[in-house]
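User: I would like to go through the terms used to describe this model and see what each of them rests on.

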Amino acid sequence: MADAPSGHAENNTAEAFLQGGSLRHAPGPYFGGYGGRWMPESLIAALDELEETFNKAKDDPDFRAQIADLNKNYSGRPSLLTEAKRFSQHAGGVRVFLKREDLNHTGSHKINNVLGQALLAKRMGKTRIIAETGAGQHGVASATAAALLGLDCVVYMGAEDCRRQALNVARMELLGAKVIPVTSGSQTLKDAINDALRDWVANVANTHYLLGTAAGAHPFPAMVRYFHEVIGEEARAQILEQEGRLPDAVCACIGGGSNAIGIFHGFLDDPSVKIYGFEAGGDGVETGRHAATISLGKPGVLHGARSYLMQDDDGQTIESHSISAGLDYPGVGPEHSYLSDIGRVSYEPITDTEAMEAFRLLCRTEGIIPAIESAHALAGAIKVGQRLAAEDPANAAEKIIIVNLSGRGDKDVATAAEWFDLLDKDSAESEIGKEGEQL
Amino acid sequence: MNSAEMTSKSAAAIDRARAQGRSALIGYLPAGYPSVEDTIAAGIALAENGADLIEIGIPYSDPVMDGQVIQAATTEALAKGFHVKQVFDVVAGITSKTDAAVLVMTYWNPVVRMGVDEFSRRLAEAGGAGLITPDLIPDEAAEWMAASDKYGLDRVFLVAPSSTAERMQRTVDASRGFVYAVSIMGVTGARTSVSTAAKDVVAAAHDAGAERVCVGLGVSTADQVREIAAYAEGVIVGTALVAALRDGGVDAVEALTKDLSTGLAPEAGHTTDGA
């Protein structure tokens with residue numbers, strides 16, 4: 001474990017976390033010492049309204065039926081659990097299964113959350129949703145849900161990201177959304193969140209802020225997790241059905257942490273299942289250019305929650321760096337901070353290089369192009385598989401790892417082509433990739 | 001208000017204005033913009049030309065309650081290398097030369113990073129009156145409540161047009177010095193008119209027992225000051241002063257402060273509700 005994080009509990013064992021009962025369905029607002037509502041008073045009434053609406057909806061059979069119907073007939077759930085036999089040979093010879101969120105409508109897990117929140121917006125009588133987006137995936141998902149449910153949609157996106165992801169901007173506009181380039185602060189995802197919050201303060205009467213990850217002020221972390229819990233529920237049932245037993249380990253990538261908390265939730269109370277979250281190590285955690293928030297951050301408050309945070313000695317947020325726009329966020333959901341502190345989940349950084357090697361490996365061994373975000377989980381699974389095999393070589397072939405393949409990589413082809421030097425030097429794509437690399 | 005046995009510098013400053021038959025003027029400046037020295041000079045100019053309280057903002061990387069003018073100023077201050085501890089130099093620089101109560105307006109994470117107790121101790125040492133906390137609600141403020149009691153600092157929480165009666169009561173009860181009434185649902189920035197919501201928020205705060213309520217957000221002219229002074233104990237001006245400092249330096253701050261302060265006293269045709 002050369003790049004294992006330091007300073008956090010490492011006892012990934014049953015006793016430490018199950019003494020207090022179940023870890024599932026943590027309602028918030030606090031997860032241990034994390035979470036809460038560090039927000040302007042102007043927005044507290046809206047957060048209260050959202051919490052109340054969400055709590056009622058959760059217990060409403062009609063709402064649950066609506067979600068189930070959309071999941072099945074619109075998103076295409078349940079997503080498959082696919083054994084990656086050729087990929088597994090590179091992971092110590094253990095068996096690797098992929099939870100195929102890449103097969104959902106819009107190409108990632110994001111659809112689970114946007115449909116749920118857009119339905120809540122309708123329940124609250126709101127006619128407009130706003131969203132932040134990094135590379136555009138959550139923006140596209142939000143625009144999709146808005147189109148489906150007849151809501152106005154405004155997406156805040158860093159000005160540089162708009163330029164780099166011109167096709168995603170076009171996709172959102174095709175879906176009827178308005179994309180506003182964000183030029184404040186560092187012009188990145190965190191600033192897109194800031195501008196979305198400013199919009200929300202001014203328009204809260206008719207607007208729901210459809211936050212894209214399991215972070216932010218209560219009730220967002222618990223609510224976003226709730227809409228993604230289906231990932232873990234399905235994966236657990238599928239592995240029991242297909243193999244008759246639980247996996248030895250579950251792996252997911254972590255930016256804000258929504259796909260991860262969704263799949264982790266299904267296994268939190270299964271003490272035999274080790275759980276791993278893989279953060280973006282960027283150029284390497286020793287370089288300072290990374291997004292390994294839990295591994296190297298310190299607790300603080302940002303965007304409404306107390307959680308681990310990349311910050312300087314003055315408490316100013318530090319800009320994160322990752323080849324994966326979806327992981328390029330200097331904060332992390334508060335439940336992950338808690339799960340790290342109590343040792344239930346191990347969080348480790350994966351560098352850009354490790355992620356891209358795993359990206360290429362999955363393409364060539366399984367015929368699946370993963371999102372670069374998900375490639376971090378794949379790279380982590382290779383390490384975990386090799387460790388499991390080293391611990392018990394005789395039974396390596398019996399070990400099972402489930403990886404949350406949170407999204408597909410179509411959006412990342414330009415970045416990957418540049419990384420692997422596959423583009424004609426004079427092509428337009430080459431120019432886009434090159435400029436993207438400079439950021 | 002929870003101020004019976006504690007001396008509040010902010011309350012004293014507002015009461016001095018009240019004794020003169022007028023509302024108090026509160027001016028905002030971001031620390032380190034365009035330099036620490038300039039902030040001190042502008043703060044002194046504010047105090048000498050009609051401001052009773054001064055609000056010094058700590059530049060922060062993620063100022064979600066600020067509009068473009070203040071964002072631009074604080075971003076510039078950070079780019080020039082402003083450090084949080086320099087806010088104590090600014091506070092000390094102004095309090096050593098004037099009688100104005102000097103509060104610090106800060107997003108919460110810089111305080112968390114330094115340590116709530118340590119930050120409070122240094123602010124008190126610098127002669128500061130207390131903190132205005134735009135993203136800290138009383139629900140999350142246990143540590144700050146303890147530290148502000150320990151060091152005798154005012155804790156100015158915000159109330160908004162969206163605050164329920166229950167939250168209004170809780171916030172008024174938790175505040176010391178004054179209650180900051182947000183005039184509109186939005187972020188900082190000059191607006192052509194102050195919404196009628198402001199008057200309702202102030203009335204609700206008074207009903208909840210607040211003795212001193214000051215109105216901020218969107219106030220930029222003497223006419224707006226006059227309108228608010230008719231029903232609130234204090235008027236807070238931010239963006240307009242930052243724009244003046246940006247465009248005309250300390251002289252412009254001095255001129256604008258003089259002009260704004262002409263709106264503080266009740267005139268014929270205007271009434272005050274017991275100030």
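User: Which residue is the bridge partner of B:Val104 in β4(B)?

Analyst: The bridge partner of B:Val104 in β4(B) is B:Leu131. Please note that this is a predicted model, in which local features need pLDDT of at least 70, side-chain atom pairs count only at pLDDT 80 or more, and totals for chains, interfaces and linings use all residues. Residues are numbered from 1 along each chain as its sequence is written, chains are lettered from A and ligands numbered from 1 in the order in which they are written, and side-chain values use heavy atoms, with hydrogens and water left out.

User: What makes strand β3 (residues 101–105) of chain B mostly covered?

Analyst: Buried means under 20% relative accessible area, exposed over 50%, and partly exposed in between, with a 1.4 Å probe and protein chains only. In β3(B), 5 of its 5 residues are buried. B:Ala101, B:Leu103 and B:Met105 lie on one side and B:Val102 and B:Val104 on the other, so that both faces are covered. In a regular strand the side chains alternate between the two faces of the sheet.

User: Why is α6(A) called roughly parallel to α8(A)?

Analyst: Helix α6 (residues 137–149) and helix α8 (residues 166–174) of chain A pack at an angle of about 10 degrees, with their axes 9 Å apart. Angles under 35 degrees count as roughly parallel, over 145 as roughly antiparallel, 65 to 115 as roughly perpendicular and the rest as oblique; therefore α6(A) is roughly parallel to α8(A). The axes are lines fitted to C-alpha atoms, for helices over the stretch in contact, and the angles run from 0 to 180 degrees between N-to-C directions. Contact means heavy atoms within 4.5 Å, and among the residues making it are A:Val140 of α6(A) and A:Met172 of α8(A).

User: Why is A:Gln316 called buried?

Analyst: Its relative accessibility is 6%, so A:Gln316 counts as buried. A:Gln316 is placed in the loop between β13 (305–309) and α13 (334–341) of chain A. Leaving aside neighbours within four places in sequence, A:Gln316 is in contact with residues including A:Met310, B:Pro59, B:Tyr60 and B:Leu78.

User: What makes helix α11 (residues 258–265) of chain A largely enclosed?

Analyst: In α11(A), 8 of the 8 residues are buried, so this helix is largely enclosed by the rest of the structure. Among them are A:Asn259, A:Ile261, A:Phe264 and A:His265.

User: Are A:Cys251 and A:Cys363 buried or partly exposed?

Analyst: A:Cys251 has a relative accessible area of 0% and is buried, whereas A:Cys363, at 24% relative accessibility, counts as partly exposed.

Note on methods:
Helix = DSSP H or I, 4+ residues; strand = E, 2+ residues; numbered from the N terminus. Pairing = 2+ DSSP bridges.
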